[in-house]
Amino acid sequence: MSNPSPFLQPSLAACPDGLAVLHLKRDLLTPTVLRTYDDEQLGYAEGKVTTTRYGNYPHTTLIGQPWGSQIKASLVDTGTRGRIGLHIEKGKKRKREGSSGNLRDGPAAIDDCIEPVAEHPSSPVVKNTEAAIPAPSGFCHLLPPTPEIWTASLPHRTQVVYTPDYSYILQRLRVTPGTSVIEAGAGSGSFTHAAARAVFNGYPTDNTRVDYDHSTQEHPMASSRAGRVWSFEFHEQRAQ
């Protein structure tokens with residue numbers, strides 16, 4: 001079995017590699033995956049940092065905090081000079097070399113690009129993270145992921161099934177724990193998360209029966225049948 005979904009079995013506090021939502025104001029929520037290392041390789045001295053209009057929040061200040069906690073923003077140097085392993089050459093535009101008049105290309109041109117930081121969490125760049133310094137202003141609330149919070153954090157675009165809509169759909173379908181639901185595409189995940197919570201009655205085990213008896217047109221062990229949501233998603237990152 002894969003790791004338990006935070007939408008179905010939330011922990012008491014924010015955990016590493018788990019999904020969390022930063023509540024910045026009434027209509028602004030930012031989801032993020034908590035990391036103990038800089039997986040985005042942005043080079044912040046504090047490790048992975050979620051930057052917002054209302055302050056910067058290193059993940060070291062979020063991990064281990066109980067859900068609902070108020071987290072103060074931290075002083076983070078978001079400029080190029082404040083990042084580890086990033087170096088931008090201040091040279092001028094590329095000049096033509098020699099009499100041939102050809103521009104530099106190939107491996108020699110890489111020197112004009114940003115040098116990447118270490119790619120593995122065990123590298124010294126990731127280990128030597130600095131302690132976060134509280135900022136004089138700015139805070140957020142640390143929230144666990146729920147279908148309602150996830151829907152509220154989505155950009156207000158079309159093709160988002162909002163809470164009143166998916167509540168009505170699930171009620172009309174009479175979805176209960178142990179039900180199987182089929183949808184034609186996950187999309188933003190708004191309806192998928194709500195449907196998964198509605199049908200959830202535990203994770204499948206070796207003794208869980210999910211087969212169907214076509215002769216009697218009923219499940220022989222309906223009480224032990226695990227609820228499932230069958231969907232389709234072509235985007236690998238969203239599917240994971």
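**Salt bridges, cores and an aromatic pair**

Biologist: What is the relative accessibility of Lys 25?
Modeller: Lys 25 has a relative accessibility of 35%, so this residue counts as partly exposed. Please note that the model is a predicted one.

Biologist: Which residue forms a salt bridge with Lys 25?
Modeller: The partner is Asp 27, and the closest N and O atoms of the two are 3.9 Å apart. Asp 27 is likewise partly exposed, with a relative accessibility of 47%.

Biologist: How many salt bridges does the whole structure have?
Modeller: A search of the whole structure gives 5. One of these joins Arg 35 to Asp 39, with 3.2 Å between the closest N and O atoms. Another is formed by the side chains of Lys 48 and Asp 39, at 3.5 Å from N to O.

Biologist: Which residues are joined into one network?
Modeller: Asp 17, Arg 35, Asp 39 and Lys 48 are, through salt bridges that share partners.

Biologist: Is Lys 48 buried or exposed?
Modeller: Lys 48 counts as buried, because its relative accessibility is 6% and the cut-off for buried is under 20%. Arg 35, at 21%, counts as partly exposed, and Asp 39 is partly exposed at 30%.

Biologist: Turning to aromatics, which residues form a pair?
Modeller: The structure holds 1 aromatic pair, formed by Phe 7 and Trp 150. The arrangement is edge-to-face, with 6.1 Å from centre to centre and 80 degrees between the planes.

Biologist: What does that pair tie together?
Modeller: Phe 7 lies in the segment before strand 1 and Trp 150 in helix 2, so the pair ties together parts that are 143 residues apart in sequence.

Biologist: And how accessible are Phe 7 and Trp 150?
Modeller: Phe 7 is buried, with a relative accessible area of 11%. Trp 150 counts as buried too, at 19%.

Biologist: How many residues make up the largest nonpolar core?
Modeller: That core has 12 residues, including Leu 22, Tyr 57, Ile 71 and Cys 140. Strand 1, strand 5 and strand 6 are the elements that give two or more residues to the core.

Biologist: What lies apart from it?
Modeller: Another core lies apart from the largest one. This other core has 8 residues, among them Tyr 166, Leu 170, Val 181 and Ala 195.

Terms used
Residues numbered from 1 in each chain as written. Predicted model: local features only at pLDDT ≥ 70, side-chain atom pairs only at ≥ 80, totals over all residues. Heavy atoms only, no water. Phe/Tyr/Trp six-rings, centres within 6.5 Å; stacked < 30°, edge-to-face > 60°. Helix = DSSP H or I, 4+ residues; strand = E, 2+ residues; numbered from the N terminus. Buried < 20%, exposed > 50% of the residue type's maximum accessible area, 1.4 Å probe, protein only. Core = buried A, V, L, I, M, F, W, Y, C linked by side-chain atoms within 4.5 Å. Salt bridge = Lys/Arg side-chain N within 4 Å of Asp/Glu carboxyl O.
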